[in-house]
Amino acid sequence: MRVAPQLFREVAGHFATGVCVVTAEDPDTGPHGMTLNSLTTVSADPATLLICLNRASTTHEVVARAGRFGVNILAAGQQDVAALFATRDDDKFRDLDWTRSPSGTPLLTGGVAHLECAVLHRHDVHSHTVVIGEVITAAAAGGPPLVFHRSRMSAPFPG
Ligand SMILES: Cc1cc2nc3c(=O)[nH]c(=O)nc-3n(C[C@H](O)[C@H](O)[C@H](O)COP(=O)(O)O)c2cc1C
């Protein structure tokens, strides 16, 4: 017996998460990124996290090529950034403020925090790849985060 995908999405959506944009640089096509909420910390020492990337996404390919990625945790009020990075546009960065870290990872400005990771392991599970990253830099600006709950984005509590 299997749970239907629609029921699974509806029930799992009761688990509130933050919203981030995972970014990476392709040497040929430039910066790329996608909105993501499948972020989980794995261990603190060494600092390790995981993300789940759909293998049909462009970002999956760019992260695989780069071997590193950025995690940009969005602030309350950045719903437009979350919506932009949930599209398949080839140039999502053109109207945004962003920087490139010394190791070459694109980082968005205006979020509550960002981390840079080096890919440690990858596990293919059905349509997705679980990417485990070792954290190489981390910085927080603070402030209220953007929250995703039951298919809606909001800012229900102060940071
Ligand atoms: C709130 C939210 C969370 C998302 N979380 C994920 C996720 O964890 N993993 C994933 O593969 N896609 C996730 N997506 C979907 C991607 O953002 C979307 O497929 C995007 O268009 C991929 O862009 P790309 O093909 O340019 O990489 C999420 C979308 C939204 C709106």
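This is a predicted model: local features need pLDDT of at least 70, side-chain atom pairs count only at pLDDT 80 or more; totals for chains, interfaces and linings use all residues.
Close-up 1. Phe 8 counts as exposed because its relative accessibility is 54%, over the 50% cut-off. Together with Val 3, Leu 7 and Val 11, Phe 8 forms a nonpolar patch on the surface, and the accessible area of the four residues together is about 410 Å².

**Close-up 2. The largest nonpolar core.** This core holds 16 residues. Val 22, Leu 36, Leu 49, Ile 51, Leu 53, Phe 69 and Val 71 have the most contacts inside it. Two or more residues each are contributed by β2 (20-26), β3 (30-36), β5 (47-54), α2 (58-66), β6 (68-73), β9 (113-125) and β10 (128-140). Setting aside residues up to four places away in sequence, Leu 36 touches Val 19, Cys 20, Val 22, Ile 51, Cys 52 and Leu 53.

**Close-up 3. The buried side of helix α2.** Thr 59, His 60, Val 62 and Val 63 are buried in α2. These residues lie on the same side of α2 because the arc they cover around the axis is only 170°. The elements that cover them include β2, β3, β5, β6, β9 and β10. Just after α2, Gly 67 adopts a positive phi of about 75°.

**Close-up 4. Ser 101 in a loop.** Ser 101 is located in the loop between β7 (98-100) and β8 (106-108). With a relative accessible area of 8%, Ser 101 is buried. Apart from neighbours within four places in sequence, its contacts are Leu 107 and Glu 116.

**Close-up 5. The salt bridge between Arg 150 and Glu 10.** The N to O distance in this salt bridge is 2.9 Å. Arg 150 belongs to the loop between β11 (147-149) and β12 (152-154), whereas Glu 10 belongs to helix α1, so that the pair links distant parts of the chain, 140 residues apart. Both residues are partly exposed, Arg 150 at 41% relative accessible area and Glu 10 at 38%.

**Close-up 6. Further salt bridges.** In the salt bridge of Glu 25 with Arg 100, the closest N and O atoms are 3.1 Å apart. Because Glu 25 lies in strand β2 and Arg 100 in strand β7, this pair ties together parts 75 residues apart in sequence. Asp 89 and Arg 94 also meet through their side chains in a salt bridge, at 2.9 Å from N to O. Asp 89 is partly exposed, at 25% relative accessible area, while Arg 94 is exposed, at 52%.

Definitions and conventions
Residues are numbered from 1 along each chain as its sequence is written. Side-chain values use heavy atoms; hydrogens and water are left out. Patches are made of residues with over 30% relative accessible area and no salt bridge: like charges are joined within 9 Å, nonpolar side chains (Val, Leu, Ile, Met, Phe, Trp, Tyr) within 5 Å. Accessible areas come from the Shrake-Rupley method with a 1.4 Å probe; for residues, only the protein chains shown count as cover. Buried means under 20% relative accessible area, exposed over 50%, partly exposed in between (1.4 Å probe, protein chains only). A nonpolar core is a set of buried Ala, Val, Leu, Ile, Met, Phe, Trp, Tyr and Cys residues joined through side-chain atoms within 4.5 Å. Helices (H or I, at least four residues) and strands (E, at least two) are DSSP runs, numbered from the N terminus. Contact means heavy atoms within 4.5 Å. The arc is that of the directions from the helix axis to the C-beta atoms.
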